[in-house]
Structures are given as C-alpha cells and as structure tokens.
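Visitor: I am new to this structure and would like a close look at a single part of it. Please keep to that part and what surrounds it.

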Amino acid sequence: MLPASLERFMLLRQIDSFHKVWLLLFFHQRSHEDGINRDYLRQVTFADAQTLYEAVDELQDAGLLIATGEALSLRDAPEVHSDLDTMARVFEDPLGRQDLLRRLYRRASVPL
C-alpha cells in the first residue's frame, strides 16, 4: 500500500502516468544539476517526443518542473523533494513499484 502522503501528492499534482513518474524521478536524482536540456531529455527517455513534451508541460503546469530557456529543472521546494524522496523509496521496492504502477493504471481505467 502506498503512503497516504504519496497518494495525496500524486492526486494533487496530477501524476497520472508512468512517463510523469519516470520524469520526476529522473529530475529528482539530478536535482543538484542546474538544468537538463530538452534535447538531452529526449535522448534518454523511451517516450516519443509528443508524449514527452505533454508530460513535461503537465508537470510544469502542476508546479513541479521549471523551464529556463531550453533547460528544465525540478522546483526547489522542500515539500516537493520530500514527496519525491518518498516516491523514490517506494519505486525502489519491487512491491512498492507494483503498487504505484497499479494505482496509475487503475486510475486511468476508471470511467468519468
């Protein structure tokens, strides 16, 4: 079972796809860097350009990523880093990762 704080974070920030989870964890691991170029990001992800840019735009809209020119970085806020620390711990555990992914797919299949 996912921690309630992580569930809340994902719901409030509309983290609703594997691509968003992957991007957030990628940026979280590199939070010490000044920024990551969009072209580089395209090279290291398996998503097509449209999917990648949609996920980036949605994470920017959610206040999690900040763009400075072509460079992207994680918003430098204690609550963001704390929630992403939790997400990273959950994702490292095979059962936790399974719960997290199950939550994404379950939510995507619920009719509106």
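Which strands does α2 lie across, and at about what angle does α2 run to β3?

Guide: This is a predicted model, and α2 lies across β1, β2 and β3, running at about 85° to β3. The three strands form an open sheet in the order β1-β3-β2, with antiparallel pairing. β1 (36-37) and β2 (65-68) are at the edges with a single partner strand each, so one side of each has no neighbour in the sheet. β1 is joined by two bridges to β3, residues 71-74; Ile-36 has Leu-72 of β3 as its bridge partner. Another helix, α4 (residues 49-61), lies across β2 and β3 and runs at about 105° to β2.

Helix α2 itself spans residues 18-29 and packs with α5 (residues 78-92) at an angle of about 110°, the axes being 10 Å apart. The two helices are therefore roughly perpendicular to each other, and their crossing is left-handed. On the α2 side, the contact is made by Phe-18, Val-21, Leu-24, Leu-25 and His-28. On the α5 side, the residues are His-81, Leu-84, Asp-85, Met-87, Ala-88 and Phe-91. Sorted by class, this contact has eight nonpolar residues, two polar and one charged.

As for confidence, the protein averages a pLDDT of 90, and 94% of the residues score at least 70. Among the elements, α5 has the highest mean pLDDT (96), and helix α6 (residues 94-109) the lowest (82). Where pLDDT is low, predicted coordinates should not be read in detail.

Technical notes
Residues numbered from 1 in each chain as written. Predicted model: local features only at pLDDT ≥ 70, side-chain atom pairs only at ≥ 80, totals over all residues. Heavy atoms only, no water. Axes fitted to C-alpha atoms, helices over the stretch in contact; angles between N-to-C directions. Helix = DSSP H or I, 4+ residues; strand = E, 2+ residues; numbered from the N terminus. Parallel < 35°, antiparallel > 145°, perpendicular 65-115°, else oblique. Left-handed = near helix turned anticlockwise from the far one by under 90°. Contact = heavy atoms within 4.5 Å. Nonpolar A, V, L, I, M, F, W, Y, C, P; charged D, E, K, R; others polar. pLDDT = per-residue confidence, 0-100. Pairing = 2+ DSSP bridges.
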